[in-house]
Structures are given as C-alpha cells and as structure tokens.
Amino acid sequence: APGALEVHWELDSTSSELLRRGAAAPDLGFVLAETQSAGRGRRGRGWLSPPGLNLYLSCLKRFEQGFAALSGLSLAVGVTVLRALERLGIAGAGLKWPNDVLAGEGKLAGVLVELSGEYQGPCAAVIGIGLNLRLTPALRAQAGQPAGDLAGLAGGAPPDRNRAAAALVAALVEGLRQFEREGFAPFRDEYRRHDLLHGRPLRLSGALGEFDGTGAGVDARGALQVRLADGSLRAIDSADVTVRRA
Ligand code: BTN
C-alpha cells in the first residue's frame, strides 16, 4: 500500500512510533511530530525536540532485498536532505560522514537509520530526520555540540516549516525509490561534492579504538576512507569522527 503522512502534536519519538508499528505500517509511510518527549539521536544520544521551531520526521520504507543490500542508505539520506534544501533555495550545507548535515561548523540536521527484518530477505528501514529551522540561544547551549539552523544558512528568516516538511517528504519519496533501484551509486558524486571531511585531519574512535588519519572520500558501499600516516587507505564502516584542530 502507498504511504501517507501523519502529523502528531507529540510523540515520544517519531522513529520509535514507526518501529512499534512494524508490520502494520504501510510500505512507505511518514510520521511528523510537533514535539518529541524522548527524541533519539545516533549512538544512544538524545535529540532535543521542543515544539514550534524545528522538524522531527520519520519514514518507514520496506525493501525486498534485505539489509545486506542497504549499505550506503544512511549516506544517501544525507544527500536527500541536501536535495530538499536545494529545492527550498538553500545552498551551502555540507555532509559530515556518515550523515550529519552541517552549516559551517554547526549541525543543521541529524539522520538516524534503524533496520529491522532480514539480512537477505524482506526488511524495513526507519529513517528519522531532525532538521533545525531556528534555534534559540538556550537550545544551542543545551545541544552539547555546535549546532546550526536554516535561518543562519539562509541569512535571515528560515523557510516556512510546512514547505520545508513537504520538500523533505518529496525528496525522500524520490530518493528512496532511486536507492531501491540503483543503490548508493547515483548518490556518490553528490556526496563527494559536499564531503566536509575530505582532506581534513581526522580523529576516529569506536570499536576499532582511537586513531588519526586524513579524510579520503567514501567508497562504493558508503564506508569512510581514511588515509593513515603510512600512506595506506583504511575503510571505516562505523566510528565517531571529529576533525582535529591544528
Ligand atoms: C543524530 O544523532 O544525528 C540523529 C538525530 C535524529 C533525530 C530525529 S528527529 C526525528 C526522529 N525521531 C527521533 O527520535 N530521532 C529522529
């Protein structure tokens, strides 16, 4: 069944809502909340979700191929957010691997992709996007990391929230169909053009321990390529990445 867009005043988390529905959710469905009481970020972090200013959107998309075929999906979603901003006439945002959307140093949007189902059979991806239209000084202070908003990027008033939501939904409908047919390949050039880590000195930490290198693009699966001090290239599937200060 084709999907619909549901709008709620408050949910714990738009992504948790879709994960709970699981099999009962349509093949492609969207849930938007004005505010979230327990917004979730990547790596167990929270996502501040006060009402009135920003967008909290999740989408459930089913895939027949199984999640073995979904590498690069979360990067493709980052590219899709950039496409939506471009349609709103907002240029200048970049990508920090895997899928943070930044305006300068500040995080403009976060993407959380959660998979359920089978490795080589039917599965579903719940894709959550938090997009900052306008931040208050208090929110910036609470964010725990440099934050940015569309008002700052557009140099004044942010776009209308309904228009921004519609642009995101339209870009996702198209982008997810494209990903389903062709995988990450048609997104990779756009990713490269907006890759803020390219050529930058990086510190990586995670299950692999902590090490330094230089950003060297993303591979065909969406892994981050890092040039090590000995000149070799290492492909990273999962890590926390920060840009080192000189
Ligand atoms: C990140 O840590 O960068 C990802 C943040 C994702 C936040 C969005 S807001 C809509 C959806 N619902 C959630 O609870 N999280 C995602």
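I count two strands as paired if DSSP finds at least two bridges between them. Strands (E, at least two residues) and helices (H or I, at least four) are DSSP runs, numbered from the N terminus.

Before going on, I note that this is a predicted model: local features need pLDDT of at least 70, side-chain atom pairs count only at pLDDT 80 or more, and totals for chains, interfaces and linings use all residues. Residue numbers start from 1 along each chain as its sequence is written.

Strands. I looked up E6 (residues 106–117) and found that E7 (residues 123–131) pairs with E6 in the antiparallel sense, over 9 bridges. Leu112 has Gly128 in E7 as its bridge partner. The two strands make a hairpin, with 5 residues between them.

E6 also runs antiparallel to E5 (residues 100–103), joined by 3 bridges. There I see Ala103 bridged to Gly106 of E6. E5 and E6 form a hairpin too, with 2 residues between them, and Gly104 in that turn has a positive phi of about 65 degrees.

Domains. Where do the domain bounds of the protein chain fall? Domain 1 covers 5–193 and domain 2 covers 201–243; such bounds come from an automatic or database domain assignment. Their centres, taken over C-alpha atoms, are 24 Å apart.

I then checked contacts (C-beta atoms, placed from the backbone, within 7 Å). I get 10 residues of domain 1 in contact with 8 residues of domain 2. On the domain 1 side, helix H6 (residues 185–193) gives the most, with 4 residues.

How values were computed: Two residues are in contact if their C-beta atoms, placed from the backbone, lie within 7 Å.
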